[in-house]
Amino acid sequence: MEPLAPTDLNCEHLVSPRGLNTSRPRFSWALTAKGRNRRQTAYQIVVGTVREMVAGGHGELWDSGRVTSAETLLVSYGGSPLSSHLRFFWSVRVWDEDRRMSAFAEPAAVETGLMAGADWTAKWIGRPEFGRGGRPVPVASPYDNPYQARPADYLRRPFTVKEKPLRRAVAYATALGLYRLRLNGQEIGDQVLAPGWTDYHKRVEYQVHDVTALLAAGTNSLAAVLGEGWYCGRVGNTLKRQGAHYGPRPAFLCQIVLDYADGERDVVASDATWRAAKGPIVYSDLLIGEKYDARLEQPGWDEASFGDAGWEEVEIVAPWPRPPALDAARSQPVRRTEALPGRFLHRSSTGGRIYDLGQNIAGWTRLALTAPAGATFVLRHGEALTADGDLYTENLRSARATDIYVARGSGRERYEPSFTFHGFRYVEVSGPALDTADIDLTGVQVNSDTPAAGSFSCGSEMVNRLAANIRWSQRGNFLSIPTDCPQRDERLGWLADAQVFWPTASYNMDIAAFFSKWWVDIDDARQEDGAFTDVAPSRPHWAHNPYPPKGAPAWGDGAAILVWTHYCRYADKGLLEAAWPSLVGWMDYIARHNPRLLRENALNRNYGDWLNVGPATPKVMIAAAYWAHLADLMARMASILGLDEDGERFTGLLGSLKAAFREAFVDQDGRVEGDTQTAYLLALDFGLLDEKQAASARHHLLRTIAEADDHLATGFLGVRHLCPVLSDAGAVDLAYRLLLNQTYPSWGFSVANGATTIWERWDGWTPEKGFQTPSMNSFNHYAYGAVGEWLFARVAGIAPDPAAPGFRRVICCPLAHRGLGWAKAEHRAHVGRIAAGWTIAGGTVAYNLDIPANIVAQVCVPGAKRNAIRLDGEPVAGHADIIQAGETADGTWIEIGSGVWNFEWPLDRPAQRIRNAHDA
Ligand code: BGC
């Protein structure tokens, strides 16, 4: 038997973090192995500064020694605290169930970053605000720039690298605004829209780049382009008067630390010696778009030889109200993740050329063209076309999503914008030189580069497209923060949209690092009274008028649900611990306002089951249900954290809230107030009913669906629970019917009507009525994609067990169904790759699993006797590879370990689950 192999090393949820916010980082690895039931029984981690030494198992910073443990997730570094500006490597080897030792894994590199405030000598700088002579910068024309978006700042400074061997040079950079970093005429790094969105009054993240290879002895040139971005540009509902959320103008901060081989250190930092100018970016704004006039380029501006005599001195900027904390980036950067060629469709009614990417994306257009100097091209972006074939842009509300390119007039010109992004499938290009320009147009998808972690496919092409649409909506909206939508003038991180979608999102992508960052934004936005805000980051601009929106049931509640989901998926107890006081503060906030134990007060902008169809679910009932659900999660989290008193308190609260809920909202016949799908779904899935009530509530749920002609009617909140609750209730056929419906309202309806992303509304477009109201009709809103969780967890049978978080234990209770034909899924958890799939032949289900080493899977076969189940073609009963198995009144469960497993059983069972599985 071969030893186990540790792979996929990560540190603080990142493969190779550049910059840490802790001097005790945590290490994780996955395992691969051949054979069944393989386990890790011990590990050894080594940490050191020399790659080759670490690869050989020698780490001068820390050697854990052989630790008897099955742990592979988030093991804390145990050496003396790591210093700033340190590059180190780590590796791990493991021992298996027979004490066979593995080799050390290929070492992973980590940069610590500049961890203390005092490490930073750089100053915040920017282009002098009012130009020479103290006059405001004139705006070219009102058509071009109606909202007075600023021209980008171009900043530069030459510096000397000494004539002696350079060992290492690292650039640390960030901006209040957005920046691009250039060194000797080259772009540094492949990130875009850096440094991303945080509450800039509290913190901003910085990026770290090893630039050793880009430097040469003699004069070098460091340069940056600076845009407004989320800091002082426009975002969040209406363009007008909505800039400058955090400050009036952008600023840049950077330092390069140069370490020579002889031990000397030089620091090149942003300071008063830099020079500034305007350049070709006439303005660039997230909502408006960008205007780029290539005639204003100053060739070589970012190279050492450039003469910057005509440039101005920079201003030292004092960020208001105080300089923000400088945190290392916690998540993967935003990158270009895909390029889609634009296909010319036809001319618009005004003569523009309409291009189709074939896919609704978030990002921008890349242009290549040939045109005379000064020829202007206007690029408008939209998600749909009107009946006449024109670009449909009304649903962008005040976002203009328009980029303007003015040609240089020499050769083939290439352009893509720097500091904006749009949500679009179609592009209209117009301009006088259109016909001779020979345009090549590409759509560039841009998002936080969270690693792909899952795939789902099945026998229904419609459902496959739905699964793809869910992924695309995730990509289109996970852009520094999880936005609601990328196209209109909003793009805010709404907590309820996120909490219903997070389980799905974490199947699709590894979002552990992404959430670690967003959690900080959520916590930063928390109000003094303990209320979480409805969106995070929250803009300070909202401090008046009656913002920020905060504390709405299911929205403010989202914070606790997200932390719980993150824990179930990634076993991140550290984040749970850090979040705990804030979560308790939120529970206190609700309790303080609602002494009667009914959640009647402090509901704020109580949105309810947002965008449902049919009768609305009473909002107080939803609020009460969520409060009880939170008490339940808090009790569980307290017990994980070993906080007994808190645990008792929340368990007690849960009991009282359930009693109050039943008293107020459930009648003797098990009818829940409102009598809607969502009312029953929440009451059932949150476990708020007694057994008798639950049994009748299930019937009422089926009735409400039958009354809707076997169609769904839920909004954002109910949708997550729909298929899971139905299949748990044994109504598998109905769950599949809802999944496979193509008539309105359904997921399939949007697919049948050409959707390539998830729509915000069930009726975003209908043949009878056309587009829904332009005031709120996004075609890229992930909340209804929450059904993705059910596809992975229940259809394929890859569900995390909260009792062994991080997928250390997987519940495999698949829902084989002829309606779908076959299904398979894989999920790359931090513990390794889990794959599951079923086919049906004759009356038999074949279920195949691939389980990584060290992981236990519980296979559940509802309604089947043990002797009806076969493994490797043999009766499962007594099979030597099974860890254990049992029969209950509901069916059979079988516990197995790692390896490839092929089960078979007859397809004639009711499909209840045997134990709670999906509620992570
Ligand atoms: C957003 C939603 C959000 C809702 C709350 C909308 O404008 O797009 O996604 O949850 O507001 O009311």
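The backbone oxygen of Arg475 sits 3.2 Å from a polar atom in the side chain of Gln445. This is a predicted model, so take the distances here as computed from it. On another side of the story, the backbone nitrogen of Ala362 is 3.0 Å from a polar side-chain atom of Gln445. Gln445 belongs to strand 33, which covers residues 440–448. Is Gln445 buried or exposed? Its relative accessible area is 0%, and because buried means under 20%, Gln445 counts as buried. Once neighbours within four places in sequence are set aside, Gln445 touches Arg335, Arg336, Thr337, Glu338, Ile361, Ala362, Trp472, Arg475 and Gly476.

Now for the ligand. Its surroundings include the acidic residues Asp484, Glu490, Asp497 and Glu760, and Trp494, Trp555, Tyr607, Trp610 and Phe716 are also among the residues around the ligand.

| Side chain | Distance to a ligand oxygen |
|---|---|
| Arg488 | 2.7 Å |
| Glu490 | 2.7 Å |
| His781 | 3.0 Å |

How much of the ligand does the protein bury? On its own the ligand exposes 310 Å², and the protein buries 95% of that.

Next, the helices. Helix 4 runs over residues 495–508, and its 14 residues reach 19 Å from first C-alpha to last, close to the 20 Å expected at 1.5 Å a residue. Even so, helix 4 has a kink of about 55° at Trp502, shortly before the proline Pro503. As for cover, 14 of the 14 residues in helix 4 are buried.

Helix 7 takes in residues 573–593. Where does helix 7 bend? The spot is Trp580, with a bend of about 45°, and the proline Pro581 follows within four residues. The end C-alpha atoms of helix 7 are 30 Å apart, which agrees with the 30 Å that its 21 residues should span at 1.5 Å a residue. At the start of the helix, a side-chain oxygen of Asp572 comes within 3.3 Å of the backbone nitrogen of Gly574.

Trp580 is itself one of the buried residues of helix 7, a set that also includes Leu575, Leu576, Trp586, Met587 and Ile590. What do those buried residues pack against? Their partners are strand 2 (26–32), helix 5 (512–525), helix 6 (558–570), helix 8 (619–640) and helix 9 (644–665).

How values were computed
Residues numbered from 1 in each chain as written. Predicted model: local features only at pLDDT ≥ 70, side-chain atom pairs only at ≥ 80, totals over all residues. Heavy atoms only, no water. Helix = DSSP H or I, 4+ residues; strand = E, 2+ residues; numbered from the N terminus. Buried < 20%, exposed > 50% of the residue type's maximum accessible area, 1.4 Å probe, protein only. Polar contact = N/O pair within 3.5 Å; in protein donor to acceptor, adjacent residues only side chain to side chain. Contact = heavy atoms within 4.5 Å. Expected span 1.5 Å × (residues − 1). Bend = angle between axes of the 7 residues up to and from the residue. Near = heavy atom within 4 Å. Areas by Shrake-Rupley, 256 points an atom, 1.4 Å probe, with all protein chains shown as cover.
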